[in-house]
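Please look over the model below.

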Amino acid sequence: MSSEALRVLIVDDEPIARQRLAAMVSDAGHQVIGQAAEAISARDAINREGPDLILLDVEMPGESGMDLAAEIGSRQPDLMVILVTAHEQFSLDAFEAGVRDYVLKPVRGERLTQALERAARHKAGSSAPAPRTVRLSIGRREERVALDRIAYFTAEDGYVIARGEQLEGFVDTRLHELESRFGDALLCVRRGCLVVRTAIRGLETRGPADHRLLFHGQLDPVAVSRRQLPQVRAFLRGDLP
C-alpha cells in the first residue's frame with residue numbers, strides 16, 4: 001500500500017462481522033486499534049484511542065450507525081467514517097452526513113481496500129487533484145460519484161449509462177463530453193463504450209473476432225472491437241501515456 005497506514009476502529013454489533021472486517025483491514029495494511037459493539041462503547045473508544053477512521057455498521061441495536069455518523073460529522077469532521085450497510089439507499093443520507101465512503105454487505109476485501117486507500121490518501125493530504133466525480137441518476141436519487149467507482153460508460157438506446165461493480169446509473173452527459181473531460185482516465189474499447197483505465201484487469205480472447213475486456217471484481221466483461229484492440233493491448237503493455 002502506497003499511503004500511510006490508518007488506525008481503524010470497527011463498530012459492529014456482530015462479533016463474526018467484526019472479526020472478518022478486522023482481518024480485511026489488516027490484510028490491506030492498516031491497523032485495527034479497537035472494536036465496539038454499539039454506539040456508547042464506540043464513543044469511549046474514539047475518545048480513548050483517537051482513531052483515524054471508523055468502520056461503522058448502519059444497523060445496530062439502540063442508536064443506529066447513521067445517528068452516530070451524523071454526530072461525528074458535526075463534532076469531529078476530521079474523523080473519517082466508512083459505513084457498512086446492506087442497503088444502498090443509505091448512501092445518499094450517508095454522504096449528506098459527511099461520511100467518507102460506504103461498502104455494501106457482504107463486504108468484499110477488494111472494495112474495502114479501495115475505500116481505505118482513498119481515506120489514507122485523504123489523511124496524507126496528497127497533492128494530487130481532488131477526486132473527479134460524475135453526477136448519476138440512480139433510481140429516484142441523484143448522486144455525485146467518484147470516477148474510480150465506475151468501470152465503464154456505455155451508450156444504450158439513446159442514453160449514457162455508467163456501470164460499476166456496485167452501481168449503475170444514467171449520466172446526463174454525452175460520451176464525447178466525458179472523453180473530453182476525463183480523456184487521460186478513459187479508454188475507448190469499441191464505439192459507444194469508454195472504460196475507466198483503473199478498472200481494467202486484462203483481456204480475454206475467446207475467438208479470432210471475440211475479445212473481452214476483464215474488470216477487477218465481479219463485473220461482466222465487455223466486448224472490444226477489432227479496431228480498438230491494438231490500443232487496448234498497448235495500454236495493457238504500458239505503452240499508452
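The numbered points start with how the model was treated.

1. This is a predicted model: local features need pLDDT of at least 70, side-chain atom pairs need 80 or more, and totals for chains, interfaces and linings use all residues. Residues are numbered from 1 along each chain, and side-chain values use heavy atoms, without hydrogens and water.

2. Helix H2 (residues 39-49) and helix H3 (residues 65-75) cross at roughly 30 degrees, their axes coming within 11 Å. So H2 is roughly parallel to H3 (angles under 35 degrees count as such). The crossing is right-handed.

3. In that contact (heavy atoms within 4.5 Å), H2 supplies Ala39, Ala42, Arg43 and Ile46, and H3 supplies Leu68, Glu71 and Ile72.

4. Helix H1 (residues 15-27) packs on helix H5 (residues 109-123) at about 60 degrees, with axes 10 Å apart. That makes H1 oblique to H5. H1 also passes H5 in a right-handed crossing.

5. Leu21, Met24 and Val25 of H1 meet Gly109, Leu112 and Leu116 of H5. Here the count is 5 nonpolar, 1 polar and no charged; Gly counts as polar.

6. The second largest pocket holds about 220 Å³ of space. A pocket is an open set of points on a 1 Å grid where a 1.4 Å probe fits, with protein on both sides within 12 Å along at least five of seven lines; lining residues have an atom within 4 Å of a point.

7. Strands S9 (159-164) and S10 (167-171) each give at least two residues to this lining. Among the lining residues are Tyr159, Phe170 and Arg174. The lining divides into 6 nonpolar, 2 polar and 2 charged.

Terms used. Axes fitted to C-alpha atoms, helices over the stretch in contact; angles between N-to-C directions. Helix = DSSP H or I, 4+ residues; strand = E, 2+ residues; numbered from the N terminus. Parallel < 35°, antiparallel > 145°, perpendicular 65-115°, else oblique. Left-handed = near helix turned anticlockwise from the far one by under 90°. Points joined across faces, edges and corners; volume = space filled by probe spheres on them.
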